[in-house]
Every structure is written in C-alpha cells, then in structure tokens.
Amino acid sequence: MTTLTAFDGAPLYTGADWDYDKVRRVYDAIEKVALEMGLDTYTNQIEVITSEQMLDAYSSIGMPLFYKHWSFGKHFARDEAMYRKGQRGLAYEIVINSNPCISYIMEENTMTMQTLVIAHAAFGHNHFFKNNYLFQQWTDADGILDYLSFAKSYITHCEERYGHAMVERVLDAAHALMNHGVHRYPRRRGPDLRNEEKRARERLEHAEATFNDLWRTVPTKAGGASPLSDRDRRRALLELPEENILYFLEKKAPRLQGWQREILRIVRHVAQYFYPQRQTKVMNEGCATYCHYRILSTLHDRGALTDGAWMEAMHSHTNVVFQPEFDDRRYGGINPYALGFAMMQDIERIVTEPTQEDRYWFPNLAGKGDPMGALRDAWANYRDESFILQYLSPALIRKFRLFHVADDARDPEMKVAAIHDERGYRAVRQALARQYDIAWAEADIQIVDVDLVGDRKLILEHHVMNQILLEEEEAKSVMQHLADLWGYEVVLTEVETPGGTALRRINVSPRVVLGGG
C-alpha cells in the first residue's frame, strides 16, 4: 500500500469523513511544513472526543483532567442548553500546555476541520507554549498532568473524609479569590509540580510534629515589649504587603486545617498555570491562527488539499478572524483572533515588502527578509501589552480604523484624544496596549497589615486607578469568602495611591468559619 504525502502531488484526502489513517497522513504533512517554518513544539498527543465531552472539558476551565465542582456543572448545563438550541457553537479544539502537548478534537468535525485544528492547536499553540518566556517562567509543562491527577484524587479523598459540603465551601472561597492567588513576579525557583504530592505529605507530617510559634498570643511579662507591637516589625515578620492573597491564607490563616490549606494551594497552582494565558490571548491566538493559515495555504499550493477543502478551511478561518464594527450587535470588543492574525501578517509584510512609513517606524525590522525569524522572536519575547506597544503599525491602525476616545467620569463630554497622525498613532498604540496590561486591567489589592496579638483583623488596600472603585456588592461577596477563610474580620480600604487618601472602606465579618481552630 502506498501512503500519500503532502508532496506526492495528490490530495491527502477527499470528502468530509475522517478516519485515523487520514488524520495520521495529515499530521505528518503538517509536521513537515511546520518544521520548514522553524516551529519548535512539544511532542503531540491528539485525542478525539465527542461534543458532550468537549462541553464537559471547557466547562471545567479547559482542563478535562480536573477535580469536581458545582460551578463546572452549572457551566455545562448552560452551554449544553445553548448548544442544543443552536444559540452557540462549540470550540473546535482544546489544547493543554503540557509535555506532551494534548490537543482534543471533536469527532463531529469534518476531515478539513481536523486538519485545521491540528495545524492550529498541535503546532501553533504548541510552539507558543514551549517558546514564550512567560510560559517558560511560570508553567511546568512536564509536571502539570501529574499534578492535576494528584489534585483530583486529593480533593476526592477530602470529600470522602470531611464531606462534600465542607470541601465545596473551601473551593467556593478559593475560586472567588483565584485571580488574587498568583505571584506576579518571578521567584528564584520555578514550579516543580511533579513533587507536589510528596511535598504535601511532608507538610502534613511536619505540621503534626511541630508547633507553630507564630500564633503564640500569651502576653509577655510585665514591662517586656512584645516583638509584634511595632507595626513595621510586625509587617516585616509577616512579609507584608502581600498581593498573593491565597498564598498568605495558605501560610498564615490561623484557623484553617492542613487539608484546607492544601486545597488553597491546589487552586493557587491552577491560577498560576493560567496566569501567562491571561496575558497572551492576542499573541497566542494570533500565532496559532497565522500558523494554521500558512500551513494550510502551503499544503493547498502543493496539491495536498483540494480546492473544496481549502474553501471550507477559509470559510472557518474567516469566521474566526471576523471583527464586527462597533455598532454591530455582535460587537464585543476587539476580537483577539482578528487583531493577533492581522499583526502577524503585518509583521510579515513589514519584513518582506516595507513602505517608507514602515522603515521610519520599524528601522530594525523593515526589509530584513526573514518573516518567520521575526515572528518567532516576537512569539518568544513578548506578552500582549508589550507586543502591541512594539509592533502595532500605523498601517494596521488605519486598517482597523482605531482612534482614542478619552472618557473621564468627571467630564460630562467625551473627547477624541488621538487621530491618524504621528502623535495620534503613538497615543492609540499606547492606549490599546494598556488595555492588555494585566496590572492596569485587574484590581491591585494587597494585604497590608494584621495584628496577630490583638483582634487579628486582616487589613487590605485597593490601590485605585482612574477613580474606578470596585463594584460594592461584588466586592462584599468576595470579601465574605475571604473572611470565612481567615476566620476574623476583614477590612478593605480603597485608596487613590499607596498610602494616599482613603476613598471607601468595606468591613466584613466571617459568616461561616471554615477552619476548625
């Protein structure tokens, strides 16, 4: 039997139906083109699942191997109802940043869609996961699958031993604080998730064998000064301020039991795993979309894809990168696929066919003649905010018809602050980049003080930007979870700048003390 390849001059497949032999042939052909492009990927593992399994997978935040929680079931029920009514489609694929890199594809896909998904996920996303500095810095691709397996079995064990309701309360509180459970700056040692199960056992044995003197509250002898009476020394002892709230609770909450601390640690590790993905949506999807477009285009040019397959792929591709106008009912902001793909193509244009304007704006990039080298460098060394700030061109600003509107709550009128001139291009680029800066987009909340020998009141500060306060009811709801985990009163003060004027103060007392102390 003769196996067709992408370079035999004959199509890899015909018709819509797929089978595993066709998938194998397509994978080999895609891999050959990907190597020509210089893509560097983890070993691939392709899993075929049903639409119901796909719904189940992305209802649990895109992690099929995950612990159970009621919110995942709620998402599944909602998404399934909308899917059955035709009110929404399904993701064609889910890809996990792991080694091997696991790509889930739906069995309901046509053969052309399987081809597109493999090029998009198994090579585009995979290359980005392996090479981008944020993922190298913050994620442990070798250990994540083993850690998820440990997390699932550990939480199942806790449910059997302590009851579903108790475990669910801890998970509810931890999930509410999940976005405030990450280290935003790199530490000396990277994550090593393969050893987490062993370290969990060691922490339990250590806790049983030692006494934590930090929580000693016996008064000192008369005339003796308490080492925690001075605010500065107290904050130094507790390493405050601390922006990773889950980490602080895991280490310092006075009433939590060991298993509850371990659950906080699990949720914190999962939040850290997704931290780079929250900062690279435009780049990640732009990289994957550019890769599938270029790979499929190459296969079509070489006769490996029929004209019909190419048209089907481009129909799906066009839907993915479609950007509705601002007054379109479908508008929901800037489509990361559209912006990302357009910027990748624009970099290719600047490198190969620059205009005089490009040479002025990108003197180190224009006309260099190696588009894949320039793209691989960008994919490796930037996140969305810095990528847009570095690479968004005036030509693309005009193509997307972007301009900057200044909307100050203290001013009754909006003002067009930047238009299409040299100063305006720089202002538009800076304003758009800032929207993707996680430090700008997410609330800066830090634990700043707690008096352990007094009332143990936990004090937090929200450093307000642009006069935007937290939504009060939502803030109280999240703080309630925090107070339940801490076991004592929690106070959040919103200030204009660190140490500045207090704008609002929110106090919450524990409703249900989750710890056993």
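This is a predicted model: local features need pLDDT of at least 70, side-chain atom pairs count only at pLDDT 80 or more; totals for chains, interfaces and linings use all residues.
Helix α6 (residues 144-162) and helix α7 (residues 164-176) pack with their axes 7 Å apart, at an angle of about 130°. Helices here are DSSP runs of H or I with at least four residues, strands are runs of E with at least two, and both are numbered from the N terminus. Axes are lines fitted to C-alpha atoms, for helices over the stretch in contact, and angles between N-to-C directions run from 0 to 180 degrees. The helices α6 and α7 are therefore oblique to each other; angles under 35 degrees count as roughly parallel, over 145 as roughly antiparallel, 65 to 115 as roughly perpendicular, and the rest as oblique. From α6, the residues Ile-155, Cys-158, Glu-159 and Tyr-162 make the contact, and from α7, His-164, Met-166, Val-167 and Leu-171 take part. Contact means heavy atoms within 4.5 Å. Sorted by class, the contact of α6 with α7 has 6 nonpolar, 1 polar and 1 charged residues. In this scheme Ala, Val, Leu, Ile, Met, Phe, Trp, Tyr, Cys and Pro are nonpolar, Asp, Glu, Lys and Arg are charged, and the others, Gly among them, are polar.

Residues are numbered from 1 along each chain as its sequence is written, and side-chain values use heavy atoms, with hydrogens and water left out.

The protein chain as a whole has 21 helices and 9 strands. Of its 517 residues, 49% count as buried; buried means under 20% relative accessible area, exposed means over 50%, and partly exposed lies in between, with a 1.4 Å probe and protein chains only. The chain exposes about 25,800 Å², of which carbon and sulfur atoms supply 48%. Such areas come from the Shrake-Rupley method with a 1.4 Å probe, and for residues only the protein chains shown count as cover. Among the contacts in the protein chain with a separation of 6 or more, 73% are accounted for by residues 24 or more positions apart.

The axes of helix α12 (residues 281-301) and helix α13 (residues 307-320) come within 10 Å and cross at roughly 165°. That angle makes α12 roughly antiparallel to α13. The crossing of α12 and α13 is left-handed, a term used if the near helix is turned anticlockwise from the far one by less than a right angle, with right-handed used if clockwise. Helix α12 contributes Thr-289, His-292, Tyr-293, Leu-296, Ser-297 and His-300 to the contact, and α13 contributes Asp-307, Trp-310, Ala-313, Met-314 and His-317. By class, the contact of α12 with α13 has 5 nonpolar, 5 polar and 1 charged residues.

Two residues of α13 may be followed individually. Asp-307 is found in this helix and is exposed, with a relative accessible area of 58%. Asp-307 and Pro-11 are 296 residues apart in sequence, while their C-alpha atoms are 9.8 Å apart in space. Asn-319 also lies in helix α13 and is exposed, at 52% relative accessible area. From Asn-319 to Ala-338 there are 19 residues in sequence and 9.6 Å in space, C-alpha to C-alpha.

Helix α17 (residues 384-391) contains Ile-388. At 0% relative accessibility, Ile-388 counts as buried. Leaving aside residues up to four places away in sequence, Ile-388 touches Leu-339, Met-343, Arg-429, Leu-432, Ala-433 and Tyr-436. Ile-388 and Ala-433 are 45 residues apart in sequence and 5.4 Å apart in space, C-alpha to C-alpha.

The loops hold some features of the backbone. Most residues other than glycine have a negative phi, and most peptide bonds are trans. The peptide bond from Asn-99 to Pro-100 is cis, with omega near 10°, and Pro-100 is placed in the loop between β2 (93-96) and β3 (101-106). Another cis peptide bond joins Leu-240 and Pro-241, with omega of about 5°. Pro-241 is in the loop between α9 (231-237) and α10 (245-252), and Glu-239 is found in the loop between α9 and α10 as well. Phi of Glu-239 is near 55°, a positive value in a residue other than glycine, and Glu-239 is exposed, with a relative accessible area of 54%. Arg-401, although not a glycine, has a positive phi of about 55°. Arg-401 is placed in the loop between α18 (394-400) and β4 (404-406) and is exposed, with a relative accessible area of 55%.
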